[in-house]
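Work through the exercises below with the sequence and the structure at hand. Each task is followed by a solution in steps.

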Amino acid sequence: MSKTAILEIDGKKYEFPIFKGSENEEAIDIKKLRDLTGLVTLDPGYKNSGSCTSEITFLDGELGILRYRGYAIEDLAENATFLEVSYLLIFGRKPTAAELEKFENDIRKYTLVNEEMKSILDGFPKTAHPMGILAALTSALTSFNPKSVDVENEKDVYCAVCKTMGKFLVIATWTFRKNMGYPLNYYDNTKGYVENFMRLMFEIPTEPYKVSQTVIDALDKLFILHADHEQNCSTSTVRMVGSSHAGLFASISAGVSALWGPLHGGANQAVLEMLEEIHNNGGDTEKYLAKAKDKADPFRLMGFGHRVYKNFDPRAKIIKKAANEVLATLGVEDPILDIARKLEAAALEDEYFKARNLYPNVDFYSGIIYRALGIPTDMFTVMFAIGRLPGWIAQWKEMRENKEPIGRPRQIYTGSPLREFK
Ligand code: SDX
């Protein structure tokens, strides 16, 4: 006999089934709530509401667990490559060596971006933020690839996935190239996906460019750690936009815009700006902790806190360790890293942060590695987007395969009663 929930309203009892997931998470299934009771639920920010069932990512905020298709994030970060994890997230299983090679070669087929897209880039001012340009160019891919829009059959979906993985990486680097006044680079099909990112960003025609394996390995790991995170703000946006049968590129473009916000993916840029400000103000971490605790002050400790993790973000632990290793290997002495360590230690001891279960999240240390790799601060959230791309694709694909209905939440109206206009 499966468990149920009883709701009593005005003396009348209503019974709702309780749905249990494969990791024993439970939800009250309220699909029939309004039909039976005439009422809806109210839950701003969806802190207590599940939007879907999903087989892609499992996380436990209390225990600090994160798994992609059942594999622990620690295991994947140590033993997988970003393209293997991308295939796993999108197609639901580890690729064989042959499938992985085919996937990488099929992505290579689509890394050329229509030259006309460059005139869209030219229309932006040099001061434009890379995330705004990335959102626009991603949406523009729809116009140049009309067949990859509202895809249904497996072959077309696979083609759209490879196109997105290929073209997104290239256009993601265009803003930086434009800002530097450099010519736009092309993907080099003789090189790997992650090495290509560094070449697309930094290779200039006048001299040979070499990427160290340390840098490639660090970036590969960072992209894996960012690849998916169940129904976060940007992923929920991709699913919502995709539920209207808007195409994959348009849905991903919406996800880029949602990720841009400083409360979400934009936090990695905000963390570095905060750490630099603390460093420039003599390293007074106590002053910034006090600002973060002051309700009258809108300042928040960027890179701290999380909607789901009420324990350490497992990704933050891995990135913190990687930051030490990468900086040591590259021989980079960064005073910002010392500020970050000092701030983290002080916050973890502070009653305000402990009482609210505020711990470092994925964004707290990632920027320190990006900075050591020479990536400019305003490109940090673009790095997040490159990592999150396979997760967005996987979640969009699952939503379409599950034939989920168009997303359309209800509301409770609190505005003016009927009144005459004249
Ligand atoms: C990401 O959802 C995901 O999975 C996201 C992500 C992913 O992989 O997709 O993990 C990536 O977005 C990580 C989060 C990056 N954002 C930041 O680092 C920005 C700083 N953090 C916060 O703004 C905040 O912690 C959020 C947005 C992350 C979570 O906010 P919630 O869940 O809505 O929590 P809340 O705002 O209700 O805060 C609860 C309390 C409040 O105090 P009280 O009103 O109870 O007194 O904690 C306080 C908040 O004021 N608080 C903070 C704080 N975060 C929460 N106070 C100071 N500094 C902070 N960082």
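Two strands pair if DSSP finds at least two bridges between them. The model used here is predicted.

**Exercise 1. The sheet of β1, β2 and β3**

Task: Determine the strand order and the pairing of the open sheet that holds β1, β2 and β3, and state which strands stand at its edges.

Solution. 

Step 1. The order in this open sheet of three strands is β1-β2-β3, and the pairing is antiparallel.

Step 2. β1 (4–9) and β3 (26–28) are the edge strands, since each pairs on one side only.

Step 3. Ignoring direction, neighbouring strands of this sheet are turned against each other by 30° on average.

Step 4. Between β1 and β2 there are six bridges, and the two strands run antiparallel. As one example of a bridge pair, Leu7 has Tyr14 in β2 as its partner.

Step 5. Strand β2 (residues 12–20) is joined to β3 by three bridges, again in an antiparallel arrangement. Lys20 has Glu26 of β3 as its bridge partner, and Ile18 stands opposite Ile28 in β3.

**Exercise 2. Positive phi in the two hairpins**

Task: For the hairpin of β1 and β2, find how many residues lie between the strands and which residue in the turn has a positive phi. Do this also for the hairpin of β2 and β3.

Solution. 

Step 1. Two residues lie between β1 and β2, and Asp10 in this turn has a positive phi of about 50°.

Step 2. Five residues lie between β2 and β3, and here Asn24 takes a positive phi near 65°.

**Exercise 3. The ligand and Arg315**

Task: State which residues come nearest to the ligand, list polar atoms that face the ligand, and describe the setting of Arg315.

Solution. 

Step 1. There are 25 residues around the ligand, and those that come nearest are His229, His306, Arg307, Arg315 and Arg388.

Step 2. A polar backbone atom of Gly303 is 2.8 Å from an oxygen atom of the ligand. For Phe304, a polar backbone atom is 2.9 Å from a nitrogen atom of the ligand. Arg388 places a polar side-chain atom 2.8 Å from a ligand oxygen atom.

Step 3. On its own the ligand has 1,100 Å² of accessible area, and the protein covers 79% of this.

Step 4. Arg315 is part of helix α14 (residues 314–330). Arg315 is buried, because its relative accessible area is 2%, and the cut-off for this class is under 20%.

Step 5. The side chains of Arg315 and His229 make a polar contact at 3.4 Å. Leaving out residues up to four places away in sequence, Arg315 touches Leu66, Leu225, His229, His306, Tyr309, Val362 and Arg388.

**Exercise 4. The surroundings of Val40**

Task: Where does Val40 lie, and which residues does Val40 touch?

Solution. 

Step 1. Val40 sits in the loop between α1 (33–37) and β4 (57–60). Val40 is partly exposed, at a relative accessible area of 26%.

Step 2. Not counting residues up to four places away in sequence, Val40 touches Leu33, Arg34, Arg410, Gln411 and Ile412.

Step 3. From Val40 to Leu169 the separation is 129 residues in sequence and 42 Å in space, C-alpha to C-alpha.

Definitions and conventions: Residues numbered from 1 in each chain as written. Predicted model: local features only at pLDDT ≥ 70, side-chain atom pairs only at ≥ 80, totals over all residues. Heavy atoms only, no water. Helix = DSSP H or I, 4+ residues; strand = E, 2+ residues; numbered from the N terminus. Buried < 20%, exposed > 50% of the residue type's maximum accessible area, 1.4 Å probe, protein only. Contact = heavy atoms within 4.5 Å. Axes fitted to C-alpha atoms, helices over the stretch in contact; angles between N-to-C directions. Near = heavy atom within 4 Å. Polar contact = N/O pair within 3.5 Å; in protein donor to acceptor, adjacent residues only side chain to side chain. Areas by Shrake-Rupley, 256 points an atom, 1.4 Å probe, with all protein chains shown as cover.
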